[in-house]
Amino acid sequence: MPRALRVSAAAFALFLVTACNSASTGGSTPSSVRGVTADTIKVGGIVSMTTASGYSKKDTDLGARARYDRANAEGGINGRKIEYLGAEDDGQDPARNLAAARKLVQQDRVFAVTPMSSVTFAGADFLDTQKVPTVGWGTLPSFCGPAHLYGFNGCLVPTPGGTLNQTWPEGLAAVLGGARGKSVALIAGDNDAGKFGIRTFTQGFKAAGFQVPYAKAVVPATSMPSDWSAYTKEILRSGPGGGAPDAVVSVMQTPYNIGLFTSLKRSGYKGVISDPTDYDPGLLAKDATKRALDGVHVLLQFQPFEADTPAMRQFKDDIRKASAGKDVPLNMHMMTGYMSADLFLSLAAKAGKDLTVESFQQAASGFSDTGTLVGDRALPKGKKESFGCGSLVRLKNGRYEVAVPFTCYPPIPFG
């Protein structure tokens with residue numbers, strides 16, 4: 001065959017292959033952007049679904065899926081549907097967290113990781129270096145500063161130069177009739193999240209006018225104590241004059257809180273008890289758990305489920321649809337997954353049809369909206385401070401009730 005004819009035949013064959021590929025994908029063309037095609041955006045998550053203590057954030061995945069499902073039902077983001085792969089379980093283990101991040105990027109080729117919800121974030125540097133947009137619950141320092149990582153309600157553990165959310169101190173001040181002359185004991189697990197939590201909340205409570213005579217991250221993070229009496233005795237002698245503090249604030253997960261709160265109550269403690277994790281009707285199925293948590297004030301960084309607002313009604317409807325029409329008990333992990341997905345979708349929509357990491361980052365550099373389930377949002381503000389809103393709910397007689405309504409408080413400088 002003459003050379004010219006051979007080249008023409010090869011070109012014709014290439015044309016046929018290209019045409020067939022275009023036909024088989026409905027006219028889609030491949031994209032050079034990782035995880036993005038002409039009609040899809042691939043996303044995965046990292047969540048602590050199983051842990052040594054039994055604590056689980058598995059419903060974070062359901063919340064994210066509910067939000068992505070609605071986005072797809074409404075036509076997707078600028079014509080692209082979200083291909084959500086679900087969440088990888090990191091088991092609350094740093095090595096597994098990093099492995100999950102590597103898998104999602106190098107094997108699954110996702111455009112973004114959202115939600116990310118764990119007390120460990122060993123994969124943070126990898127995701128940021130690989131320029132992977134990542135949205136999650138900003139309870140770790142990794143969400144405060146790195147270019148490609150975003151907290152759905154901002155940076156909750158700020159670096160010097162940032163600000164502190166005062167929802168918890170101001171909320172408890174309202175419960176106690178003011179902070180003046182009142183004392184608070186803070187306790188947390190002996191891990192990074194616990195140590196940062198103690199540091200920030202100590203400053204926040206002092207700024208609100210409280211005395212903070214006890215603030216320690218001392219509880220073993222890998223093995224839950226079977227006997228809480230040593231911690232209880234120290235806390236109950238930490239108040240003014242060696243007496244009990246007016247409030248005990250735990251920056252720990254539910255199984256730990258149940259043990260600590262049960263011990264405090266058995267010791268006769270009558271003050272206010274508060275934590276940021278135990279807003280979950282599913283916890284009330286066991287009598288012992290219900291007794292341990294009765295009267296506890298839980299910090300929320302979103303509108304309480306008891307609120308009757310359009311945004312809350314939409315959330316409940318989305319969760320119901322994602323649960324095959326069942327009215328499943330709502331919990332805060334559903335909300336963290338839902339709002340992580342919601343912020344990602346809002347930024348991707350603003351990035352426009354030409355979705356790239358660069359266009360996503362540009363959209364984030366001047367983003368703001370109002371009236372969401374976490375209040376008003378703004379970036380890059382959220383890289384250094386939280387969005388400053390929240391509420392307190394109290395468990396009473398087996399039901400949650402709003403103790404302090406959803407309010408946005410002025411932040412304070414952190415240093």
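Modeller: D317 and R320 both sit in helix α10, which spans residues 310-322. They are three residues apart, about one turn of the helix. A helix here is a DSSP run of H or I, at least four residues, numbered from the N terminus. This is a predicted model: local features need pLDDT of at least 70, side-chain atom pairs count only at pLDDT 80 or more, and totals for chains, interfaces and linings use all residues. Residues are numbered from 1 along each chain as its sequence is written, and side-chain values use heavy atoms, with hydrogens and water left out.

The side chains of D317 and R320 form a salt bridge, at 3.5 Å from N to O. The term means a side-chain nitrogen of Lys or Arg within 4 Å of a carboxyl oxygen of Asp or Glu. D317 is partly exposed, at 25% relative accessibility. The classes are buried (under 20% relative accessible area), exposed (over 50%) and partly exposed in between, with a 1.4 Å probe and protein chains only. R320 is also partly exposed, at 31%.

R320 has a salt bridge with D327 as well, at 2.7 Å from N to O. D327 is exposed, with a relative accessible area of 64%. Elsewhere, salt bridges with shared partners join R67, D342, D369 and R377 into one network.

For another pair, take K103 and D108: their closest N and O atoms are 2.8 Å apart in a salt bridge. K103 is partly exposed at 28%, whereas D108 is buried at 15%. By the rule above, the count comes to 17 salt bridges.

Methods
Helix = DSSP H or I, 4+ residues; strand = E, 2+ residues; numbered from the N terminus.
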